[in-house]
Amino acid sequence: MFYSVIIPVYNRPDEVDELLDSLTQQHYKDFEVIVVEDGSTIPCKEIIEKYTDRLDIHYYFKPNSGPGLTRNYGAERSNGEFLIILDSDCIVPEGYFDAVEKELTKAPADAFGGRDRAHASFTDIQKAINYSMTSFLTTGGIRGGKKKLDKFYPRSFNLGIRKDVYEALGGFPAMKYAEDIDFSIRLFKEGYSCRLFPDAWVYHKRRTDLKKFFNQTNHFGIGRINLYKLYPESLKAVHLLPALFTAGVVLLLASSFLCPLTLLPLVLFALVICVDSSLRNRSVKIGVYSVATAYIQLVGYGIGFWEAWWKRCILGKEEPSTYK
């Protein structure tokens, strides 16, 4: 099988360097790499040139239009039977393509997705963010966990799809938020087969500080309402949990002025997160950081969800759907 790896990038040359280096270490070699610069002011062209003798690599620069349309730009110039779409902040373990080949040999699939993990080189904050984005306690397992409250929808940081299926779906939409979930919803609605490849995982850096992480999760909440307006059936109970959690936090904080004991549920949740993350990461420090990242993730999402719900569902305003 010949694959085309599509990597959109915006002002992240150092991350692209790490990702490309990891691709040179793959056991499986039958793939090309297409890097599309999305109007960056800090281009990675010099980084790309380091790999021209080690990878079948192609580099394009285009005006800024957002990650979805940038992936489409790369896909249009690809030659692979399968597209592998990766975020620029990922690192691919050396057996990634071996795992993909094994799964596709075992049973065909129109599309697939994989999990993400934290690399040993990541900072403690990045490891805490990874915990909060992958733990069942904070996500309900919908991002590829063994236990889950809803089916797995592949995400754009680690997505594989047959090129002809990609083209039949029209690629990614020009949405500002949640364009990858929109893509996955259409994939299932059109009846294509898609499954989780457990061993085709990547190291995913995500955001590097808490402020950026809050903004990202806030956009997730906004994106969920935008998806609801397009596909009402896509809103499941698990998607409401962060919004309900946020409302509960506000209520308990307000009640604490009258009775401090009302803060007990928040303290207990923090304790559970701290212990679970400490054990998983073998670090109490990361466990403590995970309390912060868990609350930031859930409340950031919840605030975005409630704000978008009020604007779009109550006031009837139109959220800008295109990337600007």
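Leaving aside neighbours within four places in sequence, R12 is in contact with S88, D89 and R207, contact being defined as heavy atoms within 4.5 Å. The model is predicted, so that local features need pLDDT of at least 70 and side-chain atom pairs count only at pLDDT 80 or more, while totals for chains, interfaces and linings use all residues. Residues are numbered from 1 along each chain as its sequence is written, and side-chain values use heavy atoms, with hydrogens and water left out.

The side chain of R12 makes a polar contact of 3.4 Å with the side chain of D89. A polar contact is a pair of N or O atoms within 3.5 Å; within protein, one must be able to donate a hydrogen and the other to accept it, and residues adjacent in sequence count only if both atoms are side-chain atoms. R12 is located in the loop between β1 (3-9) and α1 (13-24); helices (H or I, at least four residues) and strands (E, at least two) are DSSP runs, numbered from the N terminus. With a relative accessible area of 26%, R12 is partly exposed, the class between buried (under 20%) and exposed (over 50%), for a 1.4 Å probe and protein chains only.

The chain passes from β1 through α1 to β2 in a right-handed β-α-β crossover; with the strands pointing away from the viewer, the path from the first strand over the helix to the second runs clockwise. β1 also runs parallel to β4, joined by four bridges, and V5 stands opposite I84 in β4.

The largest nonpolar core has 34 residues, of which L20, L23, V33 and Y96 touch the most other members. Such a core is a set of buried Ala, Val, Leu, Ile, Met, Phe, Trp, Tyr and Cys residues joined through side-chain atoms within 4.5 Å. Two or more residues come from each of β1, α1, β2 (31-38), α2 (45-49), β4 (82-86) and α4 (96-106), with α4 giving the most, five residues. Not counting residues up to four places away in sequence, L20 touches I7, V33, V35, I47, I48, Y51, L55 and I57. A second, separate core of 16 residues includes I34, A75, F172 and F183.

Conventions. Pairing = 2+ DSSP bridges.
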